[in-house]
Amino acid sequence: MTDKITALYCRLSRDDLLQGESNSITNQKIILKKYAEDNGFPNPVFYVDDGVSGTTFERDGFKAMMADIEDGKVGIVITKDLSRLGRDYLKTGELIEMVFPDYDVRYIAINDNVDTFKSENELLAFKNIFNDWYARDCSKKIRAVFKAKGQSGKPLSKPIYGYKTSEVDNHQWVIDEEAANVVRRIFKLCIEGYGPSKIARILTEEGVLNPTAYALSQGRDNGHRNANLNRWDHRTVASILERPEYCGHTVNFRTRRKSYKVKKTIRNPQEDWMIFENTHEPIITQQQFDLVQELRRNKRRPQRFEEINPFSGMVYCADCGKKMYLCRSSSFSDDQEHLKCSTYAYDTSACTVHYIRTSVLREIVLKAMNELLVNVKDNEDEFVQSAMESSAAKHSSELFKAKKALTKAEKRIAELDKLFTRLYEDNVSGKVSNERYAVMSAGYEEEQKKLKVEVAELTAFIDEAEQKSSDVNSFIKVVQKYEHITELTPEIMHELIEKIVIHAPDNSSGHRTQQIEIHFRFDVAVATATANRREYTKKRKAA
């Protein structure tokens, strides 16, 4: 064995640091080196993992040692104790009793008096189990600490791109202005109609540092070591667009792990998140964030043209309710570019023909917008009152039904909890057999599961409806940004208008006329117009 390596393996986790110097890498090296010298073991080589948990075997030092073992280079493996090799009793036992003997490797754990060359080590399995229990206990305590911290509203993660840690309070996020400007631009581009892939291409072409490259340039490490530093990824852009943290909110418990042994991160359903509002300075407004989420839910087909048409994804057929396709071509003149019903395009029997030229629609929408701006600025108080009353009237019936259904569902969930308790007591007392108990409890659990999903959906609907009724002031702030609109842009369209509904043309009078509904945001108003071939008349009414 004189030509083989004596592997001196050292491992230190963050938990071990709390126990003082005894488990430090330096101390382990001293102990292992002295033991090898005292016992005449040749060719000592250190394999080190610093700051890595014993519950995982995805460790660089350990994997390097195992590679040398599999190549037949190692004759002896020595650790300070069994827990240095690992704290997973199944994997550690397999290594010592199966893997090492298969490669003719002798294993020694100095402090635990384990030497596979000298004895059978009858207590080895129990010592490994105790090490595993220690890891389990530490994991439980750490999770309890994190849960308490997360429930208090303190962020559990490092600052995301656009923020940095405050120099005064390391729990407080403050705006990193250079990165925050990129975040603002990403949201602005999305509002203008660009998707994550196009935004990523724009940022890459302009040479903007992606989050990983920016973190490295600032002397920080965001953990994404394998990221491509030269380009933006569409998934990175999509992730930025979906984060409520940019509105100034803290979001905790977004992810979890199955157990202390399984390191894979699992994304929690959104209803399990804990969101604490207004905990730090926002980079974008809540209105911008909500608008982007709505645009992302109603994704539009990619456009082959560099210029984004302002009507893309916003115009609907009045009869079938589906979106109208934008038909454009480099060979089309302005008068030829048009919108048509997507249902009719594929099945002429499923809907009637709906067709309108974008030049006509553009003129009508511009006129409606400017009339609304004048009305709001000249009669702001009356407009707010009228819009709020109109919105409340529209949603009152839907809200009443939703709240009634919510109360009923919550009441039934409470009843099921009582039934569970009673059923369990009857089973224990022998009144209900185990088979009957299993069938009935499964039925109750399935019903309760469906009810909880229904409660979540109803709650979200009620919150959204009530928010719409109270967001007229947000609309006023948007309107105040504009004096007179001369050109329609995707940003203006998305900020002011929720959707446009196109009715089928009417030829009964001998002239082609067409009714158009322009639904402004927050249900503040609906503008209606009638378009014919040459003349456009328009009237507006509060909705």
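Predicted model: local features only at pLDDT ≥ 70, side-chain atom pairs only at ≥ 80, totals over all residues.

Student: To begin, in which helix do Lys34 and Asp38 lie, and how many residues apart are they?

Tutor: Lys34 and Asp38 both belong to helix α2, which covers residues 25–38. They are four residues apart, about one turn of the helix. A salt bridge joins Lys34 to Asp38, and the closest N and O atoms are 2.9 Å apart. Both of these residues are exposed. Over the whole structure, a search finds 17 salt bridges, so let us look at a few others, because the definition asks for a Lys or Arg side-chain nitrogen within 4 Å of a carboxyl oxygen of Asp or Glu.

Take Lys73 and Asp68, whose side chains meet in a salt bridge at 4.0 Å, N to O.

Now move along to helix α14, residues 380–429, where Glu415 and Arg412 sit three residues apart, so about one helical turn separates them. Their side chains meet in a salt bridge at 3.3 Å, N to O. Glu415 is partly exposed because its relative accessibility is 34%, and Arg412 is partly exposed too, with 25%. Elsewhere, salt bridges with shared partners join Lys80, Asp81 and Arg84 into one network.

Let us return to the part of the chain around helix α3, which spans residues 60–70 and contains Lys63. With a relative accessible area of 39%, Lys63 is partly exposed. If we leave aside its neighbours within four places in sequence, Lys63 is in contact with Phe57 and Glu58.

A pair of aromatic rings is described by the distance of the centres and the angle of the planes. The count for this structure comes to eleven aromatic pairs. One of them is the edge-to-face pair of Tyr9 and Phe62, with 6.2 Å from centre to centre and 75 degrees between the planes. This pair links distant parts of the chain, since Tyr9 is in strand β1 (residues 5–12) and Phe62 is in helix α3, 53 residues apart. Tyr9 is at 0% relative accessibility, so it counts as buried. Phe62 is buried as well, with a relative accessible area of 5%.

Another pair is made by Tyr325 and Tyr346, whose ring centres are 6.1 Å apart and whose planes meet at 85 degrees, so this pair is edge-to-face. Tyr325 lies in strand β13 and Tyr346 in helix α12 (residues 342–346), so the pair ties together parts that are 21 residues apart in sequence. Tyr325 is partly exposed, with a relative accessible area of 23%, while Tyr346 is exposed, with 68%. There is an aromatic cluster too, formed by Tyr163, Trp173, Phe187 and Tyr246.

Strand β13 leads us to a set of paired strands. β13 (residues 324–327) pairs with β14 (residues 338–341) in the antiparallel sense, over four bridges. Within that pairing, Leu326 stands opposite Leu339 of β14. β14 is in turn joined to β15 (residues 355–357) by three bridges, and these strands also run antiparallel. There, His338 has Arg357 in β15 as its bridge partner.

Our last stop is helix α8, residues 196–205, where Pro196, Lys198, Ile199, Ala200, Ile202 and Leu203 are buried. Their cover includes α7 (177–191), α10 (234–241) and α11 (286–297). In the loop between α7 and α8 we find Glu192, which is buried, with a relative accessible area of 18%. Apart from neighbours within four places in sequence, Glu192 is in contact with Ile308, Pro490 and Glu491. After α8 comes Gly207, whose phi is positive, near 75 degrees.

Note on methods
Residues numbered from 1 in each chain as written. Heavy atoms only, no water. Helix = DSSP H or I, 4+ residues; strand = E, 2+ residues; numbered from the N terminus. Buried < 20%, exposed > 50% of the residue type's maximum accessible area, 1.4 Å probe, protein only. Contact = heavy atoms within 4.5 Å. Pairing = 2+ DSSP bridges. Phe/Tyr/Trp six-rings, centres within 6.5 Å; stacked < 30°, edge-to-face > 60°.
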